[in-house]
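Please look through the sequence and the model below before reading on.

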Amino acid sequence: MIDVIPFDSAHLSAFVNRDLRVSSDNTIITPDMGPSWTITNSDSVIGCAGVLTRMPKGMGAVWMSLSSDVAKHGVWLTRIVRRALRDVSLVYGIKQLETVVLVDNKRNQRWIESLGFKREETYVRYILHPKE
């Protein structure tokens, strides 16, 4: 059964640990940074999401990390996310929400746009791999 529960950074660590080892000490997102939730399916974490509200007044940044298990529940997820974004905007007085989607991730770009987001600009990403 799909359920939405309050987010805890341990949920993200448990979710990420399936593919990448990250200790809870290295967790970047914490519940005090804004409203956030965990999506579970029969007690298994299948996603985490939230809105960072520690930004300039009236702005928020949407973050989300989902497993492929969520794809089976796309309509449900879209409805829940729309409601959550609306409610968070009203409660926190947010006038602008922003998010980042990888340039080559066309599926997620279409989904974000279906939620009402408009493309503002395209970023170029730089990565540094220090010498070992």
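Is serine 114 buried, partly exposed or exposed? Serine 114 counts as partly exposed, because its relative accessibility is 36%; buried means under 20% relative accessible area, exposed over 50%, and partly exposed in between, with a 1.4 Å probe and protein chains only.

1. Basis of the note. This is a predicted model, in which local features need pLDDT of at least 70 and side-chain atom pairs count only at pLDDT 80 or more, while totals for chains, interfaces and linings use all residues. Residues are numbered from 1 along each chain as its sequence is written, and side-chain values use heavy atoms, with hydrogens and water left out.

2. Overall layout. The protein chain has three helices and five strands. Helices (H or I, at least four residues) and strands (E, at least two) are DSSP runs, numbered from the N terminus. In sequence order the pattern is β-α-β-β-β-α-β-α.

3. Chain totals. Of the 132 residues in the protein chain, 33% are buried. The accessible surface of the chain is about 9500 Å², and carbon and sulfur atoms hold 54% of that surface. These areas come from the Shrake-Rupley method with a 1.4 Å probe; for residues, only the protein chains shown count as cover. Contact means heavy atoms within 4.5 Å. Among contacts between residues at least 6 apart in sequence, 51% join residues at least 24 apart.

4. The largest core. A nonpolar core is a set of buried Ala, Val, Leu, Ile, Met, Phe, Trp, Tyr and Cys residues joined through side-chain atoms within 4.5 Å. The largest one here has 15 residues, and Val51, Leu85, Leu97 and Phe117 have the most contacts inside it. At least two residues of this core come from each of strand E3 (44-52), helix H2 (74-92) and helix H3 (106-114). The biggest share is from H2, which gives four residues. Apart from this core lies another, of five residues, including Phe7, Leu12, Val45 and Cys48.

5. Leucine 85. This residue lies in helix H2. Leucine 85 is buried, because its relative accessible area is 11%. Which residues does leucine 85 touch, not counting residues up to four places away in sequence? They are Val51, Val62, Leu97 and Phe117.

6. The end of H3 and what follows. Serine 114 has its place in helix H3. Leucine 115 is in the segment after H3. At 14% relative accessibility, leucine 115 counts as buried. Leaving aside neighbours within four places in sequence, leucine 115 is in contact with Thr78, Val81 and Arg82. Leucine 115 and leucine 85 are 30 residues apart in sequence, and their C-alpha atoms are 9.2 Å apart in space.

7. The aromatic pair. Rings of Phe, Tyr and Trp (its six-membered ring) pair if their centres lie within 6.5 Å; planes under 30 degrees apart count as stacked, over 60 as edge-to-face and the rest as tilted. The count by this rule is one aromatic pair. The partners are phenylalanine 7 and tryptophan 63; their ring centres are 5.4 Å apart and their planes are at 70°, so the pair is edge-to-face. Phenylalanine 7 is in the loop between strand E1 (2-6) and helix H1 (9-16), and tryptophan 63 is in strand E4 (residues 59-66), so the pair ties together parts that are 56 residues apart in sequence. Phenylalanine 7 and tryptophan 63 are both buried.

8. The salt bridge. A salt bridge is a side-chain nitrogen of Lys or Arg within 4 Å of a carboxyl oxygen of Asp or Glu. How many does a search of the whole structure find? The search finds one. In it, the side chains of arginine 86 and aspartate 87 meet at 3.1 Å, N to O. Aspartate 87 is partly exposed, at 37% relative accessibility, and arginine 86 is partly exposed, with a relative accessible area of 47%.

9. A surface patch. Leu90, Val91 and Tyr92 make a nonpolar surface patch of about 370 Å². Patches are made of residues with over 30% relative accessible area and no salt bridge: like charges are joined within 9 Å, nonpolar side chains (Val, Leu, Ile, Met, Phe, Trp, Tyr) within 5 Å. Leucine 90 is found in helix H2 and, at 68% relative accessibility, counts as exposed.
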